[in-house]
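Trainee: I would like to learn how to read a structure. Could we go through one together?

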Amino acid sequence: MNHEVAQVFTFFLYVLIVAVIGRSLMSWFPVSPANQFVRLLNRVTEPLLEPVRRILPRTGFIDLSGLAVILLLYLMIMVIGRAENA
């Protein structure tokens, strides 16, 4: 795999990880849903979180979909790293 392409994909995946962490942290605080930053985070992360929410069992008030998505994104980063070194 081309080194530059691998770096771009890895950077994009790290940005997604930060977005999921940001959305998870924002869910702990009373933030207006009309806030543009909140809407941007929702728009970026919801396509990743929604399919995982349908698969994971309900755990009461705790939403583990963010953690699962972060683990999957990190797994993708590891795969890209191995493919780059191969």
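Trainee: How many salt bridges does a search of the whole structure find?

Mentor: A salt bridge is a side-chain nitrogen of Lys or Arg within 4 Å of a carboxyl oxygen of Asp or Glu. Searching the whole structure gives five salt bridges. One of them joins the side chains of Arg23 and Glu46, at 2.8 Å from N to O. Arg23 is in helix α1 and Glu46 in helix α2, 23 residues apart, and the pair links distant parts of the chain.

Trainee: What should I know about the model and the numbering?

Mentor: This is a predicted model, where local features need pLDDT of at least 70, side-chain atom pairs count only at pLDDT 80 or more, and totals for chains, interfaces and linings use all residues. Residues are numbered from 1 along each chain as its sequence is written, and side-chain values use heavy atoms, with hydrogens and water left out.

Trainee: How many helices and strands are there in the protein chain?

Mentor: Helices (H or I, at least four residues) and strands (E, at least two) are DSSP runs, numbered from the N terminus. The protein chain has three helices and zero strands. Its C-alpha trace spans about 45 × 30 × 15 Å along the principal axes.

Trainee: At what angle do α1 and α3 pack?

Mentor: Two packed helices are described by the angle between their axes and the distance between the axes. Axes are lines fitted to C-alpha atoms, for helices over the stretch in contact, and angles run from 0 to 180 degrees between N-to-C directions. For α1 and α3 the angle is about 170 degrees and the axes are 10 Å apart, which means that α1 is roughly antiparallel to α3. Angles under 35 degrees count as roughly parallel, over 145 as roughly antiparallel, 65 to 115 as roughly perpendicular and the rest as oblique. The contact (heavy atoms within 4.5 Å) includes Phe9 and Leu13 of α1 and Leu73 and Ile77 of α3.

Trainee: How do α1 and α2 pack?

Mentor: Their angle is about 100 degrees, with the axes 9 Å apart, so α1 is roughly perpendicular to α2. Among the residues that meet are Arg23 in α1 and Glu46 in α2.

Trainee: What is the volume of the largest pocket?

Mentor: Rolling a probe the size of a water molecule over the atoms shows where empty space is left. On a 1 Å grid over the protein atoms alone, a pocket is an open set of points where a 1.4 Å probe fits, with protein on both sides within 12 Å along at least five of seven lines; lining residues have an atom within 4 Å of a point. Grid points are joined across faces, edges and corners, and a volume is the space filled by probe spheres set on the points. The largest pocket has about 260 Å³. Of its 13 lining residues, Arg23, Ser24, Leu25, Ser27 and Asp63 are the closest to its centre. α1, α2 and α3 each supply at least two residues of the lining.
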